Amino acid sequence: MSSAVRSRLRPALAALLVACGLGLAACGTADAGSGHDHSASAPASVEGADDTYAGLDLAEPYRRPSFTLTDTSGAAFDFKAATAGKPTLLFFGYTNCPDVCPTTMADIAVALRGLDPALVQQLQVVFVTTDPARDDPAVLGEWLGRFDADLPTRFIGLTGDQAAINQAQLSTGVPLAEDGGKLHSSLLLLYGSDDEAHVAFDAGNTSRDIAADLRRVTGAP
């Protein structure tokens, strides 16, 4: 990320506001939190003192969360068990989103296309809906297929009842979505093989930022 972009982002981060750009329909705010484990009700800060990553350096790593939802095949998906030890991108959004959600998934797809296919096969990309009333497994599967069809790893779509979706967000450390899921966190979290996320991305980041940090987290050239 350029220094100019970072200078525009830092004031918002200092205020603990994770916001989308002007005119974007899906965004979220982050309140202050404390502690290494972000399973409490208050989301954690995303501002870090260091500038190690192309994305947003996290003040404290987010631990890989524990929650179980339903995947696009209709089967139960235990996020922590299924992704443990694997580089994993996690995002909360909804399929009817006009901008932030499809842009984020498209950025991920572009980033993965620029990486070694052998590396991509090791990655997990997980999209959790914030609009479970509309995003059933079939809807999620069709929507995600627009982004991952030519990739060596398929994106994982998860849904469930509202209580389960809320628990997933809280255990991850992002704010609960509001307005029927339309107002949601814009953070894309990247967990490493150590099961912690040291970096996240938002609407100010690009596919190049995601690709660069995937290489950094996985140790790829």
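Is D213 buried or exposed? In this predicted model, D213 has a relative accessibility of 0% and therefore counts as buried. The residue is also part of a salt bridge, its partner being R216, and the closest N and O atoms of the pair are 2.5 Å apart. Both residues belong to helix α7, which spans residues 207-218, and because they are 3 residues apart they are separated by about one helical turn. R216 has a relative accessibility of 43% and so counts as partly exposed.

The protein chain contains 7 helices and 8 strands. Of its 221 residues, 48% are buried. Contacts between residues at least 6 apart in sequence were also examined, and 69% of these join residues at least 24 apart. The accessible surface of the chain amounts to about 9300 Å², and carbon and sulfur atoms account for 52% of that area.

Salt bridges in the model number 6, among them the D213 and R216 pair described above. Another lies in helix α5 (residues 137-148), where E142 and R146 are 4 residues apart, about one turn of the helix. Their side chains meet at 3.0 Å, taken from N to O. E142 is partly exposed, with 47% relative accessibility, while R146, at 56%, is exposed.

D131 is buried, its relative accessible area being 8%. R134 is partly exposed, at 46% relative accessibility.

Helix α6 covers residues 162-172, and its buried residues are I165, A168, Q169, S171 and T172. Several strands contribute to the cover over these buried positions. They include β1 (56-63), β2 (68-70) and β4 (88-93), together with β5 (124-129) and β7 (188-191). Just after α6 comes G173, whose phi is positive, at about 100 degrees.

Terms used. Residues numbered from 1 in each chain as written. Predicted model: local features only at pLDDT ≥ 70, side-chain atom pairs only at ≥ 80, totals over all residues. Heavy atoms only, no water. Helix = DSSP H or I, 4+ residues; strand = E, 2+ residues; numbered from the N terminus. Buried < 20%, exposed > 50% of the residue type's maximum accessible area, 1.4 Å probe, protein only. Contact = heavy atoms within 4.5 Å. Areas by Shrake-Rupley, 256 points an atom, 1.4 Å probe, with all protein chains shown as cover. Salt bridge = Lys/Arg side-chain N within 4 Å of Asp/Glu carboxyl O.
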